[in-house]
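Hello,

Here is the structure we talked about, for you to open and look through. My notes on what was found follow below it.

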Amino acid sequence: MTATRTCDVLIIGAGATGSLAALVLAKAGLDVVCLEQGSWVEAADHPHLHADWSWQRRTNWNPDVNKRTHADDYPVKSDSSQILMWNGVGGSTNVYGAIWPRYRPSDFRKGTEHGLQPDWPITYEDIAPFYEAADALVGVSGLSGDAAMPPRPASPTRPLPASKVSKRLGDAFDRLGWHWWPVESGTISEDYDGRPACNGCGTCNGCPRGSMSKYSQSIWPKALEAGTELRINARVLKIEKGPDGRATGALYIDRNTGHTHFQKARIVVVAANGIGTPRLLLASDNLANQSDQVGRNLLHHTLVNGEMWVEEPVDGHTGYVASLISREFAETDVSRGFVNGFNFNCITSTASAGELAAGWFTSGRAPWGPDHHQWFETHFGHSIGIFAIGDDLPNPDNRVTLDPVLTDSDGIPVASTHYAPGENDKRMMNYMLDRIEDVAKAAKAFDYRLNDYRDKDGVYRTPAWHMIGTCRMGSDPETSVVNGWHQAWDVPNLFIVDGSVLATGGVVNPTPTISALALRAAGYIRDNFQTLSQTTRPAVAA
Amino acid sequence: MTATDRRNLEDLPPSEGAALLADLVDVLIPGGGGWPSAASIGVQGLVAMRLVEQSGELELGQIAAAIIDAGGPFDGRTAEERVQIVARFETAQPDLFERLRAAAFLAYYESPYVAEAIRRLGRPYQLKPHVTGYPMTPFDFAKDTPRHGRGAYLKTADVRPVDTSGLHLDEIRTERWGLER
């Protein structure tokens, strides 16, 4: 083990939030070191450039950490969820779809609304400016003027092209009298910040062009230019705490050499996602866990979907992967039989003819045998997918724990997750499936299928891109892990900036919100660095 | 040769194993109507390679055994009999069959000959669309902006307690949910 200098800020994890924190803090002139257990994912590493890309995204490019075999990953056991993430510079933005909706004001006030979730210690208005800042960095495409959301400035780039799918679904929502709006995306519709506009390829599973904001291309170059020292293949084993209660730095292993090092730091920022962060804290002698809340309240969203096929060709295999968003059911209406709401994330279809034939979204797929080609001819170019994504209620038993036996290749206990939907979630999913059926009928689909993500044994196996809530933010040290500035209640110079801090899940993809929150938290650290780098006083409510 | 004999790929004459898989993929995706058959474009080769990579060489022996158990080989059988053999395979070993089917479908549609057949249907299609992209018309603010005027949200200050007493979330259990209703 070797000792190194004491840096101002040590960031653990080089994904979306780690990169943004690094950018803000390094630009302020602070000495920032970022440790990333994975490595760079170069454009040529993506499968998009090869004819077998659809096979690769079922195998070595599979976003499910348990379905690919990468040395950069760590094992995650789960009795339910499909654990989707990417370990490397840019994190899961290497494989995501970049749908970019914001939380709504009521998402921060669920404690007031019904008390089955906590109020956040902050409001929509507190993070709105940081949404704008993140949008500008990413080059978000979208359309202002949506009456279902607070007013906002024009997006940095115009909405992505209105596809045939968009028009077909827009007509369907109009027939139903339901809200719809062009989807916001972290994919640029025009050349922006040195990156080329989306070319409509439809293979939106990461984007080696950089049209879809892959943070290793959009953020990291700026963070490095500002002076961040990024160490890749550096897997953190443990965060250490001193006798004064402050974090002193992190022990990590250089995966290239096998040597361990200790990086001393005045402030430690954890940005290792909703699984990795609680795992690391629990493995660091139960750090920041006096409340016993670390790892609890795992949220994935309530998620179901449907696929429909319409007679008129819509060429859903072309263009950006998403088309519309509908916020018709986003707010609570207890007459539906449950609290909270959901959005429709309307997508297009798969860009792969093989995936369509093999089944990619629901049980719908081509038969084998003499009828195969007839099915394909009537379904390819006629397919439309739609997700319903809702706000699941927290349950302390849905959680991330450490496996008592298994460890990874470096001796860190394996993360184990448990997640099961609760009563409110089940009612909501039933309602969502019925409404998807309404959309399919309004779209005059000749065939449609629904998907509840339950396996043959009835277990809900959600594709869990959204791993949030496991170190949640709050106003009460007894029921949360960090305060409104992302500062650990128990360790005054420890900050958590990833999706684990989200107190509620909202009805949207979380990357825009965790990006905004990371910018806000990093600004707080920057502006209060002198105090935070020395204080031993416990954190106080924001 | 019995099915048991064929569970190990080493026991299977290579030409026979290759023929079994080629015949099988041709039953899955036959040719006709402008579509090449799966075997004619070499799907069986890609499938064999990928299944071995994914599950090991024993998988090919298991497939051969499953075909024999289901009434194979396919030589001398009518088209209808071939379909029946594969149907029995699917019923007897659904998980193995599913891996095979998915691998065959994906491999088939990776072929440039199949991509051309798709284009001849009148649909745009590229094997590597990320390289070429698809032409799209930019969003037209005048034409494409929604005019429905629908949508509402609660402002922060307007969030009020809702009455949840009628929900009985603690007392009523939804046992049948999702597609099982």
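**Chain A as a whole**

The model is predicted. In chain A, the secondary structure amounts to 13 helices and 18 strands. The C-alpha trace of chain A spans about 70 × 50 × 45 Å along its principal axes.

Two further values describe the inside of chain A. Of its 542 residues, 64% count as buried. Among contacts in chain A with a separation of 6 or more, 73% are between residues 24 or more positions apart.

**A helix pair in chain B**

Two packed helices are described by the angle between their axes and the distance between the axes. In chain B, helix H2 (residues 43-55) packs with helix H5 (residues 94-109) at an angle of about 130°, and their axes are 9 Å apart. Angles over 145 degrees would count as roughly antiparallel and those from 65 to 115 as roughly perpendicular; H2(B) and H5(B) are therefore oblique to each other. Their crossing is right-handed.

Which residues make the contact? From H2(B) they are B:Val43, B:Leu46, B:Val47, B:Arg50 and B:Leu51. From H5(B) they are B:Arg99, B:Leu100, B:Ala103, B:Ala104, B:Ala107 and B:Tyr108. Sorted by class, the contact of H2(B) with H5(B) has nine nonpolar residues, two charged ones and no polar ones.

Regards

Terms used. Residues are numbered from 1 along each chain as its sequence is written. Chains are lettered from A and ligands numbered from 1 in the order in which they are written. This is a predicted model: local features need pLDDT of at least 70, side-chain atom pairs count only at pLDDT 80 or more; totals for chains, interfaces and linings use all residues. Axes are lines fitted to C-alpha atoms, for helices over the stretch in contact, and angles run from 0 to 180 degrees between N-to-C directions. Helices (H or I, at least four residues) and strands (E, at least two) are DSSP runs, numbered from the N terminus. Angles under 35 degrees count as roughly parallel, over 145 as roughly antiparallel, 65 to 115 as roughly perpendicular and the rest as oblique. A crossing is left-handed if the near helix is turned anticlockwise from the far one by less than a right angle, and right-handed if clockwise. Two residues are in contact if their C-beta atoms, placed from the backbone, lie within 7 Å. Ala, Val, Leu, Ile, Met, Phe, Trp, Tyr, Cys and Pro count as nonpolar, Asp, Glu, Lys and Arg as charged, and the others, Gly among them, as polar. A residue is buried if 20 or more other C-beta atoms lie within 10 Å of its own, exposed if 12 or fewer, and partly exposed in between; C-beta atoms are placed from the backbone.
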